[in-house]
Amino acid sequence: MAALSTSSALDMSVRIGSALLKNPIIAASGCYNRGAEYSRVTDISQYGAITLKSVTRQPRLGNEMPRTMSTPAGMLNAIGLQGPGIEYFLKADAPALAHVPTAVIASVAGFTVEEFAYVAERMDGIPNVVALELDVSCPNVDREGECFAAQPSSIAAVVAAVKKRARLPVIAKLMPNVSDLKPIAKAAQEAGADALSLINAVRGIAIDVKNALPLLANVTGGLTGPAIRPIAVHAVWEVASAVTIPLIGMGGIETGRDALEFLFAGAGAVAIGTANFRRPDVHMEVLAGIVAEMRGRGCERVTSLTGLANPRFAGSRSVEAAVARPKTHLEGAHE
Amino acid sequence: MRDERIARDARAAQYVALDVPGTFSVRLPLGIWTARDGEFSVLFQEWGDRTRRLAHLPIGEPLSCIGPLGNQFSAPSEGQRATIVAGGLGVAAFWLLARDLKAARAHTTIVLGARSKLSIVGRDELAALGFDIDICTDDGSEGFHGSVVDRVRSRPPSDVLYGCGPPGMLRALCRYANEAGVECQISMEENFGCSLGTCWGCVVPVRRGCPQGTGYPKAPREIRDYDFARVCADGTVFRASDVLWLH
Ligand SMILES: Cc1cc2nc3c(=O)[nH]c(=O)nc-3n(C[C@H](O)[C@H](O)[C@H](O)COP(=O)(O)OP(=O)(O)OC[C@H]3O[C@@H](n4cnc5c(N)ncnc54)[C@H](O)[C@@H]3O)c2cc1C
Ligand SMILES: Cc1cc2nc3c(=O)[nH]c(=O)nc-3n(C[C@H](O)[C@H](O)[C@H](O)COP(=O)(O)O)c2cc1C
Ligand code: FES
């Protein structure tokens with residue numbers, strides 16, 4: 001694979017469990033489909049990985065329209081996990097993932113612990129898929145109860161069940177709508193999570209004042225974009241003091257500067273969602289921004305930026321120290 | 001707007017997604033109105049933030065623009081009579097189609113509706129292509145007093161209808177076409193997120209089996225008996241016989 005011209009001599013690689021990504025910029029779940037659409041307008045190989053839309057056990061049509069609404073500095077969405085279900089996904093979508101020019105993280109969603117474990121198990125062995133992200137925190141589906149990421153015990157149950165059945169590294173995705181993220185993050189780590197993604201969309205509602213009605217058909221939506229960035233940076237900051245596994249920070253990243261906030265707060269990697277909608281080249285700009293910062297500081301490894309601003313950062317900054325597992329085929333994918 | 005490639009490649013009912021400079025928002029989708037000589041134009045109203053900013057950009061300002069996007073109207077077969085039915089700014093979908101129908105010498109009628117005489121847009125450009133335009137106004141200030149669909153009902157039937165306009169008008173047009181058994185293609189609008197087919201934010205309900213739908217199998221406990229299609233990438237053009245109007 002060609003070295004990034006901007007980053008020669010710099011080591012941009014990051015490790016998520018056994019997966020080695022060539023750079024720390026990831027496309028966020030639900031915002032990138034399987035990459036094919038964005039391939040037509042940008043160079044998706046410059047992403048360290050792309051995360052797929054969350055897949056459930058059964059097919060889902062999702063919520064009624066309207067599903068999106070623009071809001072100040074962000075957008076609300078309530079897609080409702082529309083998707084093909086795991087069987088149809090494996091048949092119709094998975095084979096094409098072999099052609100994605102970067103690593104793929106598959107996202108799994110479910111309504112019971114067993115559903116998570118089943119779908120995660122079926123995701124094993126798909127070409128290019130290097131890790132599983134568990135969407136235990138989607139704000140837009142009726143769970144007849146609560147979200148798995150709301151309680152330490154329920155997130156632990158999901159992570160443990162998945163770890164037992166899936167061989168790929170597991171990333172648990174947390175949401176900010178809890179009073180204290182630390183015990184939830186700790187529970188996920190103790191149950192075997194290899195990394196944490198934070199944050200999922202923040203719950204929100206917009207109301208049509210003229211008609212006195214909620215604007216989204218689902219009433220509640222998930223707020224994303226720059227409006228949530230400080231909330232997301234705070235979540236990373238908090239969790240970085242509580243766990244030692246790598247954190248993937250996301251929420252409103254549009255520039256290299258924004259991504260650095262997350263890295264300095266304690267994230268080892270970052271993901272970009274909504275900003276792709278506006279600027280499909282956003283990942284390249286973010287990467288260039290991080291590279292410029294590394295040059296400015298004279299540091300050679302992107303991992304050394306992690307947690308710089310956070311005195312309570314508990315994780316590890318060195319790639320080697322995080323190596324606890326066998327290398328994958330992705331090893332050497334960077335130069 | 002100047003862009004050689006978009007002006008050359010634009011097909012009837014396609015649109016562009018513009019990154020309007022300013023505070024954060026997703027791209028603004030606008031239909032491609034005219035396209036020639038390395039330039040294309042858009043027709044828009046100041047609806048809200050993005051269209052207001054766009055209207056006040058200085059001339060010559062560079063703008064990031066993705067397109068042309070979306071599918072296109074399919075041409076009538078040899079000898080078929082076509083009617084273009086445009087409501088308000090929906091006319092934006094029709095200059096390219098009218099140009100192509102003219103070039104193909106297809107028998108074409110254009111019915112153009114607006115709230116009143118003052119809000120009619122697009123008439124001159126379409127007339128310049130050599131069409132007579134049948135004007136309708138809601139308030140009767142010019143032409144036929146009533147909706148474009150009422151006007152279509154009162155005219156001799158045609159073989160293919162092409163529609164674009166507000167949802168209420170499209171719904172009425174589809175109902176008419178389906179009842180009368182006339183082929184009808186409509187270009188639809190929704191709130192867009194990505195404009196590229198990745199976010200599933202812009203779906204419309206279509207009948208199961210519609211080739212533009214997801215084609216997902218039906219889940220065991222799913223009570224809804226339709227499918228969804230993305231307006232941005234599977235459309236914007238759908239057949240009246242495929243689209244469901246739920247509300
Ligand atoms: C494929 C496609 C093609 C389009 N082509 C055109 C076009 O050629 N010309 C054009 O003017 N618009 C067109 N639109 C519609 C345009 O993209 C939207 O109106 C857009 O929301 C305007 O963005 P804004 O930021 O200015 O306003 P927003 O902030 O999005 O909206 C402001 C307010 O206006 C209301 N509103 C927005 N759009 C409409 C509407 N269409 N009808 C009634 N109320 C509305 C909203 O509910 C909101 O309250 C098209 C849309 C699509 C999906
Ligand atoms: C349209 C849309 C759909 C999303 N779908 C999912 C999803 O299926 N699973 C998931 O884990 N996160 C989903 N997300 C959340 C994003 O992955 C991300 O956590 C969030 O958008 C914050 O990042 P951003 O501000 O850069 O968009 C979705 C976000 C958007 C905007
Ligand atoms: S706007 Fe994203 S799928 Fe259509």
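**Exercises on a predicted two-chain model**

Helix α5(A) is followed by A:G192, a residue with a positive phi, near 115°. Helices (H or I, at least four residues) and strands (E, at least two) are DSSP runs, numbered from the N terminus. The model is predicted: local features need pLDDT of at least 70 and side-chain atom pairs count only at pLDDT 80 or more, while totals for chains, interfaces and linings use all residues. Residues are numbered from 1 along each chain as its sequence is written, and chains are lettered from A and ligands numbered from 1 in the order in which they are written.

**Exercise 1.** Determine which residues of helix α5 of chain A are buried, and what they pack against.

*Solution.* Step one is the criterion: a residue is buried if 20 or more other C-beta atoms lie within 10 Å of its own, exposed if 12 or fewer, and partly exposed in between, with C-beta atoms placed from the backbone. Step two applies it to α5(A), residues 181–190: A:L181, A:I184, A:A185, A:A187, A:A188 and A:Q189 are buried. An α-helix has 3.6 residues a turn, so residues three or four places apart point the same way. Step three identifies the partners, namely α4 (152–165), β9 (170–174), β10 (195–198) and α6 of chain A.

**Exercise 2.** Decide whether A:M175 is buried or exposed.

*Solution.* First locate A:M175, which is found in the loop between β9 and α5 of chain A. Next, count: A:M175 has 24 C-beta neighbours inside 10 Å and therefore counts as buried.

**Exercise 3.** Describe the side of chain A that touches chain B.

*Solution.* Begin with the totals: 32 residues of chain A are in contact with 27 residues of chain B. Then assign elements: α1 (36–39), β5 (68–71), β6 (74–77) and α8 (275–278) of chain A each supply at least two residues of this side. Finally, sort by class (Ala, Val, Leu, Ile, Met, Phe, Trp, Tyr, Cys and Pro are nonpolar; Asp, Glu, Lys and Arg charged; the others, Gly among them, polar). The side holds 16 nonpolar, eleven polar and five charged residues.

**Exercise 4.** Explain why the site of ligand 1 is shared between chains, and state which element gives the most to its shell.

*Solution.* A residue is near a molecule or strand if its C-beta atom, placed from the backbone, lies within 6 Å of it. Ligand 1 is surrounded by 21 residues, the closest being B:G31, B:F44, B:G48, B:R50 and B:T51. The surrounding residues come from chains A and B, so the site is shared. Strand β2(B) gives the most to the shell, with four residues. By class, the shell divides into eleven nonpolar, six polar and four charged residues.

Notes
Contact = placed C-beta atoms within 7 Å.
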